[in-house]
Amino acid sequence: MASSSQVQSPDGMKKIPSTKRETAAAFLKKVAKEFGFNTNGFSVYQNRNKTGEIISQNKITPQWNIIAIIYEIYLSFLMHGDMLFLFPSGAPSSSGEVMDTTTPHSSSSVPSISSPSSSSLIPRSVSSPQVQEDEIDQYLAKQDGKIYRNKDPQLCHHGALGKCVHCVPLEPFDEDYLNHLDPPVKHMSFHAYLRKLTGGADKGKFAALENISCKIKAGCEGHPPWPEGICTKCQPSAITLNRQKYRHVDNIMFENHTIADRFLDFWRKTGNQRMGYLYGRYTEHKDIPLGIRAEVAAIYEPPQNATQNSLELIDDPKAAAVDEIAAKLGLCKVGWIFTDLLSEDMRIGTVCYSRNKDSHYLSAEECITAGYFQNLHSNPCRLSRDGYFGSKFVTVVATGGPDNQVHFEGYQVSNQCMALVRDECLLPCKDAPELGFAKESSPEQYVPDVFYKDTDKFGNDVTFLARPLPVEYLIIDITTTFPKDPQYTFSSAQRFPIENRDILGETQNFHSLSTYLSQCTSTAFLGIVSDFHLLLFLVTNEVMPLRDSIGLLLDAVRTSNEDLAQTWKKFEEWATIEQLCSTVGGQPSSSLGYEAMGGPSVPSSSSAMWSCLHCTFMNQPGTEHCEMCSLPRS
């Protein structure tokens, strides 16, 4: 009996006639002829998420050959009116990112074996992207996630093993439960959102994770390129901004107050603003179902030009080395932090409360910067065909609070904002920091219309064009906390100078290293070297970089293993470091810990320029240490 199947492709939908005794190879030839493809230029699947592929004989891999000799499968599994999905080989993915939530044998009605004389449908989950997700995502994906409740003594009238509507476990995305938490949770966790999408009878078969694109699709040959022509196939859809219901990170926690205090010291001493990158790890946040917490263990301050009202980042030649060291320490870049502080009364240490509901929480320029960083650090996601979705990169602002004290506020920008920033469609407003502006199309760039909804003075929902745009539609707030019991990834009691603070006279060189070591009172070598900024200096200094030989010490710090640290201390590299420090000179010989590192006295300064005996650099008069290599004049 003849029947027909509907085949959907990027170019439209067509009906293909077939019979139950027709082989897959013959069916695919009909599809190729109808759509104008060669036999190897496309793939046909039973499901939209690229599972259950109909494979012809020339696509069967060797591991199927033994089974294929025994059986002969035809297209008997196809029913009249069934929908199939065609994807051209090597074509870019569509804008709808469909989650692969089925198992490799989800098409249970279709055998996965074939005879050599015919073809069959073999579900192939390997067609989905092989993405290495973050460890925290892999862990949460295996958790139950349900919210378990105790038996209510007044409302529950069943036995100890029974359940009723008053004590049955709730789903992690239950809005009523989240709204009744203290404080209420406005955004469900990202993994709770995934459970909501993949729940129900269809198990997420038709759910989609969409990576928004604001660019014209390439490869459309039916018309001249933009600005001469555009069509509905290549034109990006208009965007209506919505407040995001979920967030990728639910809490930001600094391990201890010292991390934040040392960062704020720059503003306290100069009055200029400061920016830094947050290094830490992602862990489970148990206060929110399936939540994620970003724990901050250290702050790295890159080269920057700062004033009281502005920040300008400079290219950082050490950026790759910093990321490499952090990775070996078990850390990653989890976000960025900047100050926006203005002193109100210096006698009592109060600051101005400038960011509030009457002004702004994040300016448009800061939202664009946050979106740029989030695009650089996208979130690996196996449920997206692109292999990524959203970002866990957070933004922290050190600013004045309602009590005129320094507060730390955490934010992210929405995935819609990330798309607008990535495709260069969003601009800041010069005179209104709380407003952004969606670009207009030009001959060089097509920009889709961007809308947002608001309530007018009569209480009606009205759609407005995002020119200008309140950036509150793009912001997701995140709670920022400090633990009751401080934690210390880096346990050194002394403070090695922070990088790129030359304006304060705090420089990282062997003279400051000698001073640091001579002040250390710890008898444990691990307690001395367990300082993030010290480790960066040992790896990135120009006199004797230890990038290739410091791996064992980094493992010792990461695992808090004193024996490994003592083993590395016996290496000749550390002996050389000690010799350099001894040559430079540190504190007087009565200092504890490294008391033998006191250097010889240096001669008085001369009134003429002098050449360094070690690197031949010509130094200005009045200096006793070389400006190039930091070694002493004598």
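A residue is called buried when its relative accessible area is under 20% and exposed when that area is over 50%. The views below are taken from a predicted model.

**View A. L290, a residue other than glycine with a positive phi.** The phi angle of L290 is about 55°. This leucine is found in the loop that joins β11 (275-285) to β12 (291-300).

**View B. S560, with a positive phi in a residue that is not glycine.** Phi of S560 is near 55°. The loop that holds S560 runs between two helices, α13 (551-559) and α14 (562-569). The relative accessibility of S560 is 54%; this value is over 50%, and S560 therefore counts as exposed.

**View C. The cis peptide bond from W226 to P227.** Omega for this bond is near 15°. The proline of the pair, P227, lies in a loop, with the helix α5 (190-198) on one side and the strand β8 (239-241) on the other.

**View D. The cis peptide bond from R467 to P468.** Here the bond that leads from R467 into P468 has an omega near 5°. P468 belongs to the loop between the strands β25 (461-465) and β26 (469-470).

Definitions and conventions
Residues numbered from 1 in each chain as written. Predicted model: local features only at pLDDT ≥ 70, side-chain atom pairs only at ≥ 80, totals over all residues. Heavy atoms only, no water. Helix = DSSP H or I, 4+ residues; strand = E, 2+ residues; numbered from the N terminus. Buried < 20%, exposed > 50% of the residue type's maximum accessible area, 1.4 Å probe, protein only.
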